[in-house]
Amino acid sequence: MEIIQIVGLGFIVTLLILIIKKEKPEIAVQLSLTLASIIFLLILTKITVVLNLFRDMAEKANISQMYLNTILKIIGIAYITEFGAQVCRDAGEGAVAGKIEFAGKVMVMVMAIPIIALVMDTIVRLIP
């Protein structure tokens, strides 16, 4: 049960942050960033399992690797954007978090252009 370990670690770090924040707020932010990095590294292996499963399914369904890679990049951008924005919010920088989210949304839109073009092309071919 890795999630129990992650949540437990989160609780411990949260308590430490609450204790330290009054005296040394810069160390509290560093603790939060360290926890975020540790959690990211812990779930990285799980992400690779999911990516491999998606690749196998796409291969069986005869879906082009280009489109699968694009979708996976979009998902990655969304997760990383949310992760980065939450870290900024934890540090009290809501404005920076908003800018990160805006950049993530623009990047998702840019990455989605080939898929949108394919869908539009398919619709045009279906309409007589």
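Predicted model: local features only at pLDDT ≥ 70, side-chain atom pairs only at ≥ 80, totals over all residues.
Modeller: Residues are numbered from 1 along each chain as its sequence is written, and side-chain values use heavy atoms, with hydrogens and water left out.

Colleague: Which elements does the protein have, and in what order from the N terminus?

Modeller: Four helices and zero strands. The order is α-α-α-α. Helices are DSSP runs of H or I with at least four residues, strands are runs of E with at least two, and numbering starts at the N terminus.

Colleague: Why is the protein called more spread out than a compact globule?

Modeller: Its radius of gyration is 20 Å, well over the 14 Å that the globule rule gives for 128 residues, so the description holds. The radius is taken over C-alpha atoms, and the rule is 2.2 Å times the number of residues to the power 0.38. Along the principal axes, the C-alpha atoms fill a box of roughly 70 × 35 × 15 Å.

Colleague: What makes Ser32 buried or exposed?

Modeller: Buried means under 20% relative accessible area, exposed means over 50%, and partly exposed lies in between (1.4 Å probe, protein chains only). Ser32 has 16%, so it is buried. Ser32 sits in helix α2, residues 25-60. Of the 128 residues of the protein, 17% count as buried.

Colleague: Which residues does Ser32 contact, leaving aside its neighbours within four places in sequence?

Modeller: Ile17 and Asp90. Contact means heavy atoms within 4.5 Å.

Colleague: What class does Thr70 get, and why?

Modeller: Thr70 has a relative accessible area of 9%, so it is buried. Its place is in helix α3. Beyond its neighbours within four places in sequence, Thr70 is in contact with Met111 and Ile115.

Colleague: How do you know which class Thr34 and Ala91 belong to?

Modeller: Thr34 has 42%, so it is partly exposed. Thr34 lies in helix α2. Ala91 has 36%, so it is partly exposed too. Ala91 lies in the loop between α3 (65-90) and α4 (94-126). Its C-alpha atom is 9.1 Å from that of Gln30, 61 residues apart along the chain.

Colleague: Which domains are assigned, and how many residues are in contact between them?

Modeller: Domain 1 is 1-62 and domain 2 is 64-127. Those bounds come from an automatic or database domain assignment. Ten residues of domain 1 are in contact with nine residues of domain 2. Taken over C-alpha atoms, the two centres are 21 Å apart.

Colleague: What separates the mean positions of the positive and negative charges?

Modeller: The 11 positive and 10 negative charges have mean positions 2 Å apart. Lys and Arg count as positive, Asp and Glu as negative, and His and the chain ends are not counted. Each charge is placed at NZ of Lys, CZ of Arg, CG of Asp or CD of Glu.
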